[in-house]
Amino acid sequence: MNDWLADQRVRPLPDGVHEAQIGGVRCIVKVRRPGAGRALGYGLRYLRALALAVFCKLVLGEFPSPRVLLRNGLADETRRLRALRAQAWPVPQVYAAEPGLLVLEFVGQDLPHLLRRAPPAQCAELVFRAGADLARFHRAGHWHGGAQLRNMTLRDGRYWRIDFEENIGGALSLPLAQAYDLLQACLSLTGMNRLPEHLLPALGRQLLQGYLSEAGPEQTGPALRRVARSIAGTERVLRPLTARLSWRDVRGFRLTADLMRVLLKP
Ligand SMILES: Nc1ncnc2c1ncn2[C@@H]1O[C@H](COP(=O)(O)OP(=O)(O)O)[C@@H](O)[C@H]1O
Ligand SMILES: [Mg+2]
């Protein structure tokens with residue numbers, strides 16, 4: 001590992017997420033170099049965080065501090081990974097962490113990759129289990145921050161969580177951070193491409209049922225209902241505009257709104 005790190009200082013990998021064999025071990029290397037581009041980009045990143053904060057205020061009813069949202073670098077991810085790992089949660093081991101560089105244990109293929117290759121019955125089981133897994137994580141008092149299905153992998157028969165760069169949960173109250181996780185998971189499934197479209201409504205229900213099968217009262221309380229009401233209401237208001245659009249994200253939003261309505265039934 002030390003030789004590889006020394007080589008990185010001479011011939012650095014470009015920004016992004018890479019797979020690498022280091023000393024015969026399969027690793028994931030995340031590179032976020034602090035360069036001129038990044039410094040210039042601070043204004044833009046602040047605007048993005050501000051837009052997210054406004055979105056949260058409108059949809060979740062809480063305004064997270066854009067400054068806290070911006071604590072979303074590799075150093076923050078490293079800290080969260082180490083803390084979760086110390087509590088034996090299935091997250092990648094941190095092999096090396098340097099400014100702008102994170103070397104992680106490879107923890108399997110991500111869930112969308114698996115869903116695109118699995119027969120429908122297995123897809124249903126995979127997403128049900130993904131929902132249940134998220135609820136167990138939440139019950140233990142955690143939030144993910146990037147709970148899209150692409151940030152879960154399967155290895156050795158269990159799910160692993162990856163990508164802890166987003167700090168939204170650190171800026172929101174815990175129940176809202178968890179509701180936001182569930183919303184992101186639903187949106188990421190219902191907006192998935194390269195999956196037969198007719199399967200998506202049923203898969204969405206499986207994800208939600210899986211979540212509810214393991215969620216406790218703290219997860220299904222007022223925060224989740226507020227999010228559900230807000231998404232369902234927004235979709236209803238926008239329907240005249242979106243009804244004829246077949247864009248993937250719009251379709252996913254409509255399907256997610258239907259899932260949120262399930263949560264509002266008495
Ligand atoms: N530890 C890991 N093990 C296996 N695959 C990983 C790992 N980390 C990242 N990946 C793969 O790389 C993709 C992008 O990595 P991620 O950490 O989610 O960064 P980004 O911020 O770009 O989303 C993931 O969706 C997954 O396919
Ligand atoms: Mg990711």
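Predicted model: local features only at pLDDT ≥ 70, side-chain atom pairs only at ≥ 80, totals over all residues.
**Domains**

An automatic or database assignment divides the protein chain into three parts: domain 1 (2-31 + 71-105), domain 2 (36-68) and domain 3 (109-264). Taken over C-alpha atoms, the centres of domain 1 and domain 3 are separated by 27 Å. Nine residues from domain 1 and ten residues from domain 3 form the contact. On the side of domain 1 that touches domain 3, four residues are nonpolar, one is polar and four are charged.

**The shell around ligand 1**

Ligand 1 has 16 residues around it, and those that come nearest are I28, P92, V107, D110 and D163. By class, the shell holds seven nonpolar, three polar and six charged residues. At least two residues of this shell are supplied by strand β2 (25-31), and at least two by β4 (101-105).

Two packed helices are described by the angle between their axes and the distance between the axes. The table gives these values for pairs among α9 (residues 174-190), α10 (residues 200-214) and α12 (residues 248-264).

| Helix pair | Angle between axes | Distance between axes |
|---|---|---|
| α9 and α10 | about 160 degrees | 9 Å |
| α9 and α12 | about 135 degrees | 8 Å |
| α10 and α12 | roughly 40 degrees | within 10 Å |

The pair α9 and α10 packs at about 160 degrees. Angles over 145 degrees count as roughly antiparallel, and α9 and α10 are therefore roughly antiparallel to each other. Their crossing is right-handed. On the α9 side the contact is made by L182, A185, C186, L189 and T190, and on the α10 side by L200, L203, G204, L207, L208 and Y211. Nine of these contact residues are nonpolar and two are polar, with no charged residues.

The pair α9 and α12 packs at about 135 degrees, with the axes 8 Å apart. This angle makes α9 oblique to α12. Here too the crossing is right-handed, as α9 passes α12. From α9, the residues C186, L187 and T190 meet G252, L255, T256 and L259 of α12. This contact has four nonpolar and three polar residues, and no charged ones.

The axes of α10 and α12 come within 10 Å and cross at roughly 40 degrees. That angle makes α10 oblique to α12. The crossing of α10 and α12 is right-handed. In α10, the residues L200, P201, G204, R205 and L208 meet L255, L259 and V262 in α12. Six residues of this contact are nonpolar, one is polar and one is charged.

Some residues take part in two of these contacts. In α9, C186 and T190 meet α10 and also α12. In α10, L200, G204 and L208 are in the contact with α9 and in the contact with α12. In α12, L255 and L259 meet residues of α9 and residues of α10.

Note on methods. Residues numbered from 1 in each chain as written. Chains lettered and ligands numbered in written order. Axes fitted to C-alpha atoms, helices over the stretch in contact; angles between N-to-C directions. Helix = DSSP H or I, 4+ residues; strand = E, 2+ residues; numbered from the N terminus. Parallel < 35°, antiparallel > 145°, perpendicular 65-115°, else oblique. Left-handed = near helix turned anticlockwise from the far one by under 90°. Contact = placed C-beta atoms within 7 Å. Nonpolar A, V, L, I, M, F, W, Y, C, P; charged D, E, K, R; others polar. Near = placed C-beta within 6 Å.
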